[in-house]
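Hello,

Here is the structure I promised to pass on to you. Have a look at it first, and then read my notes below.

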Amino acid sequence: TIIYKKTNTVHKSMNTNTKKIVFTSVNIAELIDTQCRPPGPVEVTVEIAYSAVSAGTERANITGDKNVHIGPPVNEALFPRESGYSASGIVAETGSSVKSVGPGDRVVVYWGRHTGRITINERNVVKIEDDALPLTEAAMTMIASFPLAAVRKTRLELGEPAMVTGVGILGMFAVQLCRAGGGYPVIAADPDADRRKTALRLGADYAFDPASPDFADDVKGVSDGGVRVVIEATGRGQGFVQSLDCMARFGRIALLGCTRDPNFTVDYYRKIHGPGITVIGAHTLARPEQESHPGCWTHRDDITALLRLISGRRLDFGGMIAEIHSPADAPAVYNRLIENRFPIGVLFDWSRIK
């Protein structure tokens with residue numbers, strides 16, 4: 001693992017050449033030349049070390065899914081599209097009014113892009129206080145803030161049975177966070193045997209196949225009749241319905257995975273209304289922008305909390321990293337994502353093309 005050290009290097013205020021990954025059309029990813037402008041008064045320019053792939057969001061974007069924003073529906077998928085909203089790097093230059101970071105500081109960049117160098121508002125960078133924390137792990141914290149918000153919204157209590165349905169990258173973070181938050185047992189549900197095995201390694205107490213005819217009975221059997229908290233990370237109607245079948249009365253279910261397809265049916269009367277289930281919208285934008293409050297934190301505060309938890313070894317992000325690629329490999333990496341042959345944690349190492 002590369003750990004970048006703080007330096008006092010300051011770059012001149014001029015446009016600089018860099019590269020970025022762009023989805024130029026349906027199922028096409030390209031690494032293209034671009035320029036990075038100098039920072040304005042409240043902006044920061046960052047040399048990106050690593051950017052993390054958010055598999056579900058990026059697959060939806062590159063395959064031309066029209067339903068990738070929470071705004072009004074659109075009739076067609078427009079290209080080019082860019083992604084890569086979770087990254088880490090070193091501050092190269094700051095604007096005249098920036099006070100929170102300086103050149104040489106190690107930072108998390110959120111809502112950025114897969115690019116080698118970026119100029120972004122100061123509020124979109126979070127300083128990494130622990131000099132020993134690897135930038136590989138820090139690069140994943142923005143993605144991890146999504147399930148952290150979902151877990152917070154359920155108000156998980158110590159000793160409550162909790163289940164995560166769908167243990168892709170979001171679900172794998174959610175498993176660790178449920179465990180760190182005191183859930184017991186923590187149950188992972190996924191049809192993929194390898195992902196179930198990984199979830200057990202990262203902290204799940206049990207892992208079950210939702211395709212099994214005994215799935216709901218198995219979950220209820222280890223959770224004293226049903227789980228009280230569910231983090232639904234599949235984004236699919238079937239996953240939602242299966243989760244409801246595993247819940248105890250008065251349970252809470254957070255919809256974390258993006259439910260892009262609205263065409264599914266739920267027996268609301270028997271599965272939600274009767275047992276008193278609370279359904280919680282947990283899209284990452286459903287959070288305050290400026291000030292955190294109990295159960296609902298800002299991105300910045302959640303990222304800061306995650307950095308502390310990684311430093312304190314309460315979370316294992318390093319154990320989730322399966323592959324690190326040169327950005328030049330982007331076409332091949334995204335072809336595998338399109339084909340749904342993709343590991344949990346994948347990073348781009350931007351030092352490999354500099």
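pLDDT is the predictor's confidence in each residue, on a scale from 0 to 100. I start with it since this is a predicted model. The protein chain has a mean pLDDT of 94, and 96% of its residues reach 70 or more. Please take care with residues 1-11, where pLDDT stays under 50. In the model, that stretch has 29 contacts beyond four places in sequence. Where pLDDT is low, predicted coordinates should not be read in detail.

The largest nonpolar core has 54 residues, and Phe173, Cys178, Ile231, Leu307, Phe317 and Met320 have the most contacts inside it. Helix α4 (residues 169-180) gives this core its largest share, eight residues. Apart from it there is another core of 27 residues, including Val44, Val53, Leu337 and Ile338. In soluble globular proteins, nonpolar side chains tend to be buried together.

To see some of the surroundings of isoleucine 231, leave aside its neighbours within four places in sequence: among its contacts are then Ala150, Val151, Met163, Cys178 and Leu256.

You will find aspartate 302 in helix α9 (residues 299-311). Beyond four places in sequence, aspartate 302 is in contact with Ser145, Leu148, Ala149, Arg152, Arg287 and Trp297.

How many disulfides are there? The count comes to zero. Take cysteine 258: its sulfur lies 16 Å from the closest cysteine sulfur, that of cysteine 296, so the two are too far apart for a bond. Cysteine 258 is partly exposed, at 34% relative accessibility, while cysteine 36 is buried, at 5%.

Finally, some backbone details to look up:

- The peptide bond between phenylalanine 79 and proline 80 is cis, with omega about 5 degrees; proline 80 sits in the loop between α1 (55-62) and β4 (86-94).
- Tyrosine 184 and proline 185 are also joined by a cis peptide bond, with omega near -10 degrees; proline 185 is in the loop between α4 and β9 (186-189).
- Arginine 313, although not a glycine, has a positive phi of about 60 degrees. This arginine 313 belongs to the loop between α9 and β14 (321-325) and is exposed, at 78% relative accessibility.
- Asparagine 340 has a positive phi too, near 60 degrees. It lies in the loop between α10 (330-338) and β15 (345-349) and counts as exposed at 55%.

Enjoy exploring!

Best wishes

Note on methods: Residues are numbered from 1 along each chain as its sequence is written. This is a predicted model: local features need pLDDT of at least 70, side-chain atom pairs count only at pLDDT 80 or more; totals for chains, interfaces and linings use all residues. Side-chain values use heavy atoms; hydrogens and water are left out. Helices (H or I, at least four residues) and strands (E, at least two) are DSSP runs, numbered from the N terminus. Contact means heavy atoms within 4.5 Å. A nonpolar core is a set of buried Ala, Val, Leu, Ile, Met, Phe, Trp, Tyr and Cys residues joined through side-chain atoms within 4.5 Å. Buried means under 20% relative accessible area, exposed over 50%, partly exposed in between (1.4 Å probe, protein chains only). A disulfide is a pair of cysteine sulfur atoms within 2.5 Å.
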